Amino acid sequence: MRHAAVAIVLFAACAQITAPLELGPLDGSLEAAVVRQEKWVLSESDGSVSVLTPRSVRNEVARAWLRVVREERMRVAAWLKLPMVGKLELRVVDRFPDGFEADGFSSAKRVFVKGNPDAEPRSAERDLIGHELVHVFLASQWKVTRPFWFEEGLATYIEGESLGFGGTGTSLLAGTVGLEALDSRKLMFADLHSYPPRLGYRLAALAIDDFLVRHGKSKLLALGREAGDFEGAYAVVTGETVSLLEERWRSAIRAEILRRSR
Ligand SMILES: [Zn+2]
C-alpha cells in the first residue's frame, strides 16, 4: 500500500492528540533509503526480534526497546489471534529522509520508528510500535486486499485500546480536531487518505468500531481468512455491503459535527 503522498500534508499535523503519527506500509524506496542512510548496529536480538540502531547504544537501552517490541507483538498477535511467525526487525531512527515527516512506517518484516536510540522507549513510541505491528501482521498473514480506511482504521483502533479510545467506552471522535471543517455531505472512505492524517486515521477507526459493534470481532477476523477483493469478502462475511457501513459512518460523523455546532 502506498502512502507516500500523505507525507506531503503531514505539516498540518496537530499537537492535541498525543499519538505519534505514522504512515503504514510504505513503498520500498523509502525503506531502502532509510536502510541505506545509516551504518546499522545490531544492538539486541532474541533470535526472533532484533533491534537495530544507527550507532552503539547501552545494553539496557537496547533491551528496553526489544522488550517493548516483544510485548506489543504479543498484544497485537493476541488481538488478531494470529501466530508470531517469522523474524522481525525494529529500527530506531533518529532522522528520516528529508520530506518524510511522519514518525514511523513499516514493511512486512521491519518496523521503523523515530525515537532516541540512546534512551529507553517512551509510551508514545510503544503506541507507535503497536500500530506498526498491526500492519506487519496484516501484511504477512492476511490475504484479502485492504483499503486505506480498513488498514489504518484497524491499526489505529488496536493502538487506541492503549490510548484510551475505542473498545474502552470513550468516543472515538473525542478530541478530534478539524471535524467541523469537513464537508459532511461528501464524507467518503475513499477520501480519508487526503484528510489531515490524525483526523483521517481516527475517522477510519470509527468505521472499525461500527464494524465491531454490529458484526463482532470474530467476523472482523474472518475477513483475514478471505482472499482477493475486499468488498466481496466483506459481503460474504457480514451479509451487508461496505456502502451500508459507510453510510452509517457518515451519519455518525454528521451527528457529531452537528452536536459540536450547537
Ligand atoms: Zn498505520
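Predicted model: local features only at pLDDT ≥ 70, side-chain atom pairs only at ≥ 80, totals over all residues.
**Overall architecture**

The protein contains eight helices and five strands, and read from the N terminus these elements follow the order α-β-β-α-β-β-β-α-α-α-α-α-α. Of the 262 residues in the protein, 53% are buried.

| Helix pair | Axes come within | Crossing angle | Source |
|---|---|---|---|
| α2 (residues 59-80) and α3 (residues 123-141) | 9 Å | roughly 50 degrees | computed |
| α5 (residues 197-215) and α8 (residues 242-261) | 10 Å | roughly 120 degrees | computed |

The axes of α5 and α8 cross at roughly 120 degrees, which makes α5 oblique to α8, and α5 passes α8 in a right-handed crossing. On the α5 side this contact is made by L203, L206, A207, D210, F211, R214 and H215, while α8 contributes L245, R248, W249, A252 and I253.

For α2 and α3 the axes cross at roughly 50 degrees, which makes α2 oblique to α3, and α2 passes α3 in a right-handed crossing. Here the contact is made by W65, V68, V69, E71, E72, R73, V76, A77 and L80 of α2, together with E125, R126, I129, G130, L133, V134, F137 and L138 of α3.

**Helix α7 and its ends**

Helix α7 spans residues 230-238, and its buried residues are F230, A233, Y234, V237 and T238. These residues cover an arc of only 105 degrees around the axis, and therefore they lie on the same side of α7. The face turned away from that buried side carries the exposed residues E231 and V236. At the N-terminal end, α7 is capped by D229, which places a side-chain oxygen 2.7 Å from the backbone nitrogen of G232. After the helix comes G239, a residue whose phi is positive, near 75 degrees.

**T238 in α7**

T238 is found in helix α7, and T238 counts as buried because its relative accessible area is 13%, where the cut-off is under 20%. The side chain of T238 reaches the backbone oxygen of Y234 at 2.7 Å, and the side chain of T238 also reaches the backbone nitrogen of E240 at 3.2 Å. When neighbours within four places in sequence are left aside, T238 is in contact with F211 and H215, and both F211 and H215 are also listed among the α5 residues that make the contact with α8. The C-alpha atoms of T238 and A222, which are 16 residues apart along the chain, are separated by 9.4 Å.

**E31 in α1**

E31 lies in helix α1, which covers residues 28-37. Is the acidic residue E31 buried or exposed? With a relative accessibility of 16%, E31 counts as buried. The side chain of E31 makes a polar contact with the side chain of S107, at 3.0 Å.

Terms used
Residues numbered from 1 in each chain as written. Heavy atoms only, no water. Buried < 20%, exposed > 50% of the residue type's maximum accessible area, 1.4 Å probe, protein only. Helix = DSSP H or I, 4+ residues; strand = E, 2+ residues; numbered from the N terminus. Arc of directions from axis to C-beta. Polar contact = N/O pair within 3.5 Å; in protein donor to acceptor, adjacent residues only side chain to side chain. Axes fitted to C-alpha atoms, helices over the stretch in contact; angles between N-to-C directions. Parallel < 35°, antiparallel > 145°, perpendicular 65-115°, else oblique. Left-handed = near helix turned anticlockwise from the far one by under 90°. Contact = heavy atoms within 4.5 Å.
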